[in-house]
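Here are some exercises to work through with the structure open beside you. Try each task on your own, then follow the solution step by step.

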Amino acid sequence: MKFNLTYIFLIVVLISQAQTKMTPEGYIATYKDDAIKEMYLHKVPACITLAQGMLESGNGNSDLCRNANNHFGIKCHKEWGGEKYIMDDDSSNECFRKYENVLDSYSDHSLFLFSRSRYASLFELPITDYKGWCYGLKTAGYATDPRYPERLIELIEKYKLQELNVIESTPKQNFPAHDNEQKSEMAIREVYRFNHIRFVIAKNNDSFYKIAHDFNIELEDILAFNDLTKSDKLSYGQKIYIEKKRRRALEPYHVVQKNETLKSISQLHGIRLSSLCKKNRLKQDDKLKIGDVLYLRQKKNLPK
């Protein structure tokens, strides 16, 4: 009888695990809106984000994904200042980044690519060139698997993920909610968090005043939170913080890319413009050069 009960218990456990295992279709349905959001914010093609997430996390079923919300296999590297998850990978006891939630993993993946010069050429490609992105990731050293580009392309084409790579001037899709915030009856807004700061994504025909009104915040405060002025223009898909940015970012440094400014980098990393300038001994109107390294967590040392 004891043996039979044990056997039955094991069968029930196995069935339960099988039932909770996420399928590729389930993964896509659950996270495609997060991938689209990242495409609008950071210009990483949605199909690339989804395909990498599917491949790296085993469709959301890997131990790293389940225990650390790490969907992209991003290791700590020496600069990581967040929580850590230790597991065996290429070597024993390797350090991986651990996130509070899945959205943080998606956001960090975008920043990981956007803030490193070795991936800069990818952002010069058309948003629809998913094959260029796949081969470019391998060339830049994202993965050691020699078939990494082909595996990504197979996933993208099998599930037609390339159809998500369209940035429209008046998109119909809405971003999903990730926060239990009160929403205005006049304008439903989804609230996100990055670097522990709440933000929203500007909609079509939006304005700073509308955002301030929806959250009962003074217009001057919205502008101050984002280091903006009344003369600045608001564009669709723009990240707008609805509370003060932090004095330090999650990442330790940022490598300047084409057309970036101190203000755009401040918004990207959720760090106050004044803090960014202070850490790097710069003035707010200073010009940046491609390849410059900006410190985001500590002050830049003076040359000896």
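**Exercise 1.** Find Tyr85 in this predicted model. In which strand does Tyr85 lie, and which residue stands opposite Tyr85?

*Solution.* 
- Step 1: Tyr85 belongs to strand 1.
- Step 2: Look across to strand 2, where Phe96 stands opposite Tyr85.
- Step 3: Now set aside the neighbours within four places in sequence; Tyr85 is then in contact with Asp63, Leu64, Asn67, Ala68, Glu94, Cys95, Phe96 and Lys98.
- Step 4: For a distance, take Tyr99, which is 14 residues from Tyr85 along the chain; the two C-alpha atoms are 9.4 Å apart.

**Exercise 2.** Describe how strand 1 and strand 2 are joined: how many bridges are there, and do the strands run parallel or antiparallel?

*Solution.* 
- Step 1: Locate strand 1 at residues 84-87 and strand 2 at residues 94-97.
- Step 2: Four bridges join these two strands, and the strands run antiparallel.
- Step 3: Check another facing pair: Lys84 has Arg97 of strand 2 opposite it.
- Step 4: Trace the chain between the strands. Six residues separate strand 1 from strand 2 in this hairpin, and Asn93 in the turn has a positive phi of about 55°.

**Exercise 3.** Find the disulfide. Which cysteines form it, and is it left-handed or right-handed?

*Solution.* 
- Step 1: The structure has one disulfide.
- Step 2: Its partners are Cys76 and Cys95, with sulfur atoms 2.0 Å apart.
- Step 3: The torsion about the S-S bond of Cys76 and Cys95 is about -65°, so this disulfide is left-handed.
- Step 4: Cys76 sits in the loop between helix 4 (63-68) and strand 1, while Cys95 is in strand 2; the pair links distant parts of the chain, 19 residues apart.

**Exercise 4.** Work out the order of the strands in the sheet of three strands. Which strands stand at the edges?

*Solution.* 
- Step 1: This open sheet has the order 3-4-5, and its pairing is antiparallel.
- Step 2: Strand 3 (192-194) and strand 5 (239-241) each have a single partner strand, so one side of each is left without a neighbour in the sheet; these two are the edges.
- Step 3: From one strand to the next, the twist averages 45°.
- Step 4: Strand 4 (residues 197-201) is joined to strand 5 by three bridges.
- Step 5: Helix 10 (residues 262-269) lies across strand 3 and strand 5, at about 75° to strand 5.

**Exercise 5.** Helix 7 packs with helix 6 and with helix 3. At what angle does each pair pack?

*Solution.* 
- Step 1: Recall that two packed helices are described by the angle between their axes and the distance between the axes.
- Step 2: Helix 6 (residues 130-139) and helix 7 (residues 148-158) pack at about 150°, and their axes are 8 Å apart. Angles over 145 degrees count as roughly antiparallel, which means that helix 6 is roughly antiparallel to helix 7.
- Step 3: The crossing of helix 6 and helix 7 is right-handed. Their contact includes Tyr130 and Cys134 of helix 6, and Leu152 and Ile153 of helix 7. By class, this contact has nine nonpolar, no polar and four charged residues.
- Step 4: Helix 3 (residues 46-57) packs with helix 7 at about 110°, with axes 9 Å apart. Helix 3 is therefore roughly perpendicular to helix 7.
- Step 5: Among the residues that meet here are Ile48 and Leu55 in helix 3 and Leu155 in helix 7. This contact of helix 3 with helix 7 divides into nine nonpolar, one polar and two charged residues.

Terms used. Residues are numbered from 1 along each chain as its sequence is written. This is a predicted model: local features need pLDDT of at least 70, side-chain atom pairs count only at pLDDT 80 or more; totals for chains, interfaces and linings use all residues. Side-chain values use heavy atoms; hydrogens and water are left out. Axes are lines fitted to C-alpha atoms, for helices over the stretch in contact, and angles run from 0 to 180 degrees between N-to-C directions. Angles under 35 degrees count as roughly parallel, over 145 as roughly antiparallel, 65 to 115 as roughly perpendicular and the rest as oblique. A crossing is left-handed if the near helix is turned anticlockwise from the far one by less than a right angle, and right-handed if clockwise. Contact means heavy atoms within 4.5 Å. Ala, Val, Leu, Ile, Met, Phe, Trp, Tyr, Cys and Pro count as nonpolar, Asp, Glu, Lys and Arg as charged, and the others, Gly among them, as polar. Two strands pair if DSSP finds at least two bridges between them. A disulfide is a pair of cysteine sulfur atoms within 2.5 Å.
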